[in-house]
Amino acid sequence: MTRIVVSIVSLVVALALASPAAAQGTLRIGMTASDIPYTGGQTDNGFEGFRFVGYQIYEPLIAWDLTRGDRLAPLVPGLAESWEVRKDQPTKWVFKLRKGVKFHDGSPFNADAVVFTYESIKKKDAAHFDTYGSAQVTFRLASLTGIKKIDEHTVEFETNKPTSFVPYQLCYMLVVSPAQWQKFKDWRKFAEQPSGTGPFKVTRLVPRERLELEANKTYWDAKRRPKVDKLVLLPLPEPTTRLAALRSGQVDWIEVPPPDSIPQLKGAGFQLVMNSYPHNWTHTLRLDKEPWNNKLVRKAANYAIDRVGICKNLLNDTCIPATGIAYKGHPWFGKPKETYAYNPAKAKALLKQAGFDGTKRPAKAVHLISTSGSGQMLPLAMNELIQKNLKDVGIDVDLQPVEWNTLLTRWRAGFKTADNEGLNAWNISWNFLEPWSGFGRFFHSKSVVPVSVNTMPYLNPEADKLIDEAERTFDIARQNEVLAKLHEILVDDAPWIFVVHDLNPRALSAKVKGFVQPQSWFVDLTSASVTR
Amino acid sequence: MWQYVGRRLLLAIPTLLGASIIVFAMVHLAPGDPIAAVMPADASGADIEATKKAYGFDKPLPVQYVVWLGKVVQGDLGRSIATRRAVILDVRDALINSLVLAVSSSVLAFGVGIALGLLAAFRQGKALDKLASGIAVIGVSVPHYWAGIILIIVFSVQLNWLPAMGAASDGGVIEYLRHMVLPTVALALIPLGVITRVVRSAALDILAQEFVLALRAKGLFDRRVFLHVVKNAAPQIFTVLGLQFGFQLGGSVLVEAVFSWPGTGYLLNLAIFQRDIPVLQGVILVLAAFFVLLNLLVDVLQTLVDPRIARH
């Protein structure tokens, strides 16, 4: 008996002492994704897929500059050195491609690779059409209708109408290596041994477990050659698991630490990085039915929410109050008339003016919310606070929590289905990275379900006009002015209950140095280094 | 004997068929959509329809079922929507990981549970009995995922002795063993409690029978009596062990999720949230087949141990 006890104890001690030593310069990241994002080019898992897989292995023609945190990340030349719209034909865009760039497999990047990539997304009858990848991205390239190789390093895209949004679309098209695809002639196999031009190349993929990448030592932009030798991505969808992995030293970086763990993490010497970025957490209201068909009630709801309280007390300052689609300081914010500071008295007055009188005739609504989900922050706790805030001014909201995928499916179908007929709003968080994501898909009358996702529906000829005008305005500064004007109108119309903007919190081990948190959904991992 | 096994195997076919129909129906009737899970939510309606068609999700459910079943019969469980890997490979990898945990936690739970149960029975009413019963109650009452979180907090975060998650599929044997420890302990808790209680009551039943008195009267030592008791209690214990082992295989969704252990439970959990229907169907079908086989194995073992059963 004693012998057994002794051997068990020594086994436990041996196991405990045999701690693994991480290779030097390895950055290990715990993602919130439940799976390794698709590695075959046009990635999945939303923007987290672009963040850690898409933009690390591959590059678009036009890229985001993610090297600074003190300004909204702008678009800069990526695999294209320059581009211009043909003066005589504004539906044609000529791109001069970067020379001397090589894919991870050694083959050269050129016009053929761009054409090949475009066809893999858009040309359904092409042998190299990628059904899955295409589904991920084709709607983001909605205006593009054709491509032509002009010479080895020049391509010309054609659009369905003159549109200035082309750069905002091409930043999502990730250029893949045709030579590598030819080896397999199969996207699944390509995804197992992918080849792009990005700063990291894949060395090992264990589906659902880990993706290992190494630095691309010959990356064309010498300034952005990775400081780490190795990058390891782990899908850790459970927040507690993610947190434990960081605290036990199994990863160096986690996405979205649970807000209530932040004081502890800081106390234990972890770095917490945050920055504003184009994210909003809102209730999208149904505008063709009581009570949200009345602008006064919508404004009342916006005045009833204690946003500062939500961010401070519930989310440990990982968010900022939202009083519009964009935040103050964003080029599209403008100068809205309504500020939506917490003001229950004003909310009550507005409700009274709208004919709803607190207890005698309360405004009633049913809101569909999720129990968790990407970008949803702490949906249950936040919504309970919002429910209380609204109740305080005389709006009775019945919250219906459903699982995230269910919410997305029901939302995508619009309010006018048998399931959704009784609903008055849904709570989903959004990005407003570019004009289409911020405005076009929600507020243009042409985007009404099922074409796109104007579910409310928001129908305002003025908004249509401004969205169209922004699309026709090729000068970005001028375009921003048009969108700011649109934003002012939308804030005044309040088709949403604006709640908060997330600050994209992530927790890093003290060993991670040099990472800059940009004002973006994406990150530049090349500047980060890991000390022993 | 062989005839009996053959009959049981034939009976397994309708069982599995029934299970597959229920699985298929439940997966498809649940709210949510496999395409919504893999496509960006704001993709255009036309793109979503096109993708549904490409994956065959536009066909009526009975047609989809027959197509799926036709492939299953040929050993093809289809491809994962999310990873596009063959489901059979996903299931195989996950099953190996789960089997490892099921075996390790079963060994732990069976060993400790049988020992505690027998000790408690032979020392009925004494302190040792109370201690064993206490452990058993804790084992069956404490939610194992909660116990898992507590283990992580103590042994990974505070003491930093053992890894908190994953299976270290690349780190060699020692690393793999290190990663196994905490999930094994968390998984062993419930069967430990159940087995302790079953063994204790089975042993007590037998101890109360007259033949035990006769054995003692014959002058047999405790050790010999003990062997007789164990032999007589064995069939009942085997049934429970078999069932518990089955539960260990399929019932580890929560523990595997807490530890990100890439087994069948974890895969099932992922597939549910991703609405990865082929994976979901594949995993459940394989697990159902496992249960059927395991029950058969237990029955055969029972007949071997206790010839009375075969005569019935």
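Analyst: In this predicted model, a residue counts as buried if 20 or more other C-beta atoms lie within 10 Å of its own, as exposed if 12 or fewer do, and as partly exposed in between.

User: Why is P34(B) called buried?

Analyst: P34(B) has 25 C-beta neighbours inside 10 Å. The cut-off is 20 or more, so P34(B) counts as buried. This proline lies in helix 2 (residues 34–38) of chain B. Leaving aside neighbours within four places in sequence, P34(B) is in contact with F57(B), I81(B), R275(B), D276(B) and I277(B). Its C-alpha atom is also separated by 9.8 Å from that of Y55(B), 21 residues apart along the chain.

User: What makes K148(A) partly exposed?

Analyst: K148(A) has 13 C-beta neighbours inside 10 Å. Exposed would need 12 or fewer and buried 20 or more, so K148(A) falls in between and is partly exposed. Its place is in strand 6 (residues 144–151) of chain A. Not counting residues up to four places away in sequence, K148(A) touches V155(A) and E156(A). The C-alpha atom of R225(A), 77 residues apart along the chain, is separated from that of K148(A) by 32 Å.

User: How do you know that helix 15 of chain A is largely enclosed?

Analyst: Helix 15 covers residues 435–443, and eight of these nine residues are buried, so the rest of the structure largely encloses this helix. Among the buried ones are W436(A), F439(A), F442(A) and F443(A). The cover includes helix 5 (166–170), helix 16 (461–472) and helix 17 (476–493) of chain A.

User: Where are N316(A) and M377(A), and is each buried or partly exposed?

Analyst: N316(A) is in the loop between helix 11 (307–314) and strand 14 (319–321) of chain A. M377(A) is in the loop between strand 15 (363–370) and helix 13 (379–393) of chain A. With 22 other C-beta atoms within 10 Å, M377(A) reaches the cut-off of 20 and is therefore buried.

User: Why is helix 5 of chain B called oblique to helix 12 of chain B?

Analyst: Helix 5 and helix 12 (residues 264–274) of chain B pack at an angle of about 135°, with their axes 7 Å apart. That makes helix 5 oblique to helix 12 of chain B, because roughly perpendicular runs from 65 to 115 degrees and roughly antiparallel starts over 145. In this contact D90(B), A94(B), L95(B) and S98(B) of helix 5 meet T264(B), G265(B) and L267(B) of helix 12. These residues divide into three nonpolar, three polar and one charged.

User: How do you know that the span of helix 1 of chain B agrees with its number of residues?

Analyst: Helix 1 of chain B has 28 residues (2–29), which at 1.5 Å a residue should span 40 Å, and its end C-alpha atoms are 41 Å apart, so the two agree. This helix is hardly covered, as the count of its buried residues is one. In chain B as a whole, buried residues make up 38% of the 312 residues.

User: What does the secondary structure of chain B come to?

Analyst: Chain B has 14 helices and zero strands.

User: How many residues of chain A and chain B are in contact with each other?

Analyst: 41 residues of chain A are in contact with 47 residues of chain B. On the side of chain A, helix 1 (2–17), helix 4 (131–137), helix 8 (239–247) and helix 14 (404–413) each give two or more residues. That side divides into 17 nonpolar, 14 polar and 10 charged residues.

User: What confidence does the predictor give the complex and its chains?

Analyst: The complex has an ipTM of 0.79 and a pTM of 0.86. The mean pLDDT of chain B is 83, and that of chain A is 92. Over residues 17–23 of chain A, however, the pLDDT is below 50.

Key: Residues numbered from 1 in each chain as written. Chains lettered and ligands numbered in written order. Predicted model: local features only at pLDDT ≥ 70, side-chain atom pairs only at ≥ 80, totals over all residues. Contact = placed C-beta atoms within 7 Å. Helix = DSSP H or I, 4+ residues; strand = E, 2+ residues; numbered from the N terminus. Nonpolar A, V, L, I, M, F, W, Y, C, P; charged D, E, K, R; others polar. pLDDT = per-residue confidence, 0-100. Axes fitted to C-alpha atoms, helices over the stretch in contact; angles between N-to-C directions. Parallel < 35°, antiparallel > 145°, perpendicular 65-115°, else oblique. Expected span 1.5 Å × (residues − 1).
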